[in-house]
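Biologist: I am new to this structure and would like to learn how to read it. Could we go through it together, feature by feature?

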Amino acid sequence: MINLASIPRDRVGFGTRVTLEDADTGEEKVFRLVMPEEVDAPQGRISAGSPVGQALVGRQVNDEVVIRTPAVTRTYLVIKLRTIHDPDE
């Protein structure tokens, strides 16, 4: 069970859909933080415990994020986020 009151409204947390811009290429990537059993990396659904998730948790719009994976290190800018508190678009 998840306590919605503990999920931030202005930063990345569980359920957040976050849009990142690659600092080198300008390419946008979208991720959503989900429960471990819902992870689907090709669809951008990642857990908070993954390397990408750990780098994103607590970040806000305009924050720079360095994501390190076993294969590569990349720098991104958080350009948009939508938490589970935000109304559907």
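Modeller: Let us begin with terms: strands (E, at least two residues) and helices (H or I, at least four) are DSSP runs numbered from the N terminus, and two strands pair if DSSP finds at least two bridges between them. This is a predicted model, in which local features need pLDDT of at least 70 and side-chain atom pairs count only at pLDDT 80 or more, while totals for chains, interfaces and linings use all residues. Residues are numbered from 1 along each chain as its sequence is written, and side-chain values use heavy atoms, with hydrogens and water left out.

Biologist: How many bridges join S4 to strand S5?

Modeller: In general, strands of a sheet pair through backbone hydrogen bonds, either parallel or antiparallel. Here S4 and S5 (residues 73–82) run antiparallel and are joined by 5 bridges, and Glu64 stands opposite Leu77 in S5.

Biologist: What order do the strands of the open sheet have?

Modeller: The 5 strands follow the order S3-S2-S1-S5-S4, with mixed pairing. Strand S3 (45–47) and strand S4 (64–68) are the edge strands, each pairing on one side only.

Biologist: Which residues have the most contacts inside the largest nonpolar core?

Modeller: Nonpolar side chains tend to be buried together in soluble globular proteins. A nonpolar core is a set of buried (under 20% relative accessible area, 1.4 Å probe, protein chains only) Ala, Val, Leu, Ile, Met, Phe, Trp, Tyr and Cys residues joined through side-chain atoms within 4.5 Å. The largest one has 14 residues, and those with the most contacts inside it are Val18, Leu20, Phe31, Leu56 and Ile67. S1, strand S2 (28–34), H1, S4 and S5 each supply at least two of its residues.

How values were computed: Buried < 20%, exposed > 50% of the residue type's maximum accessible area, 1.4 Å probe, protein only.
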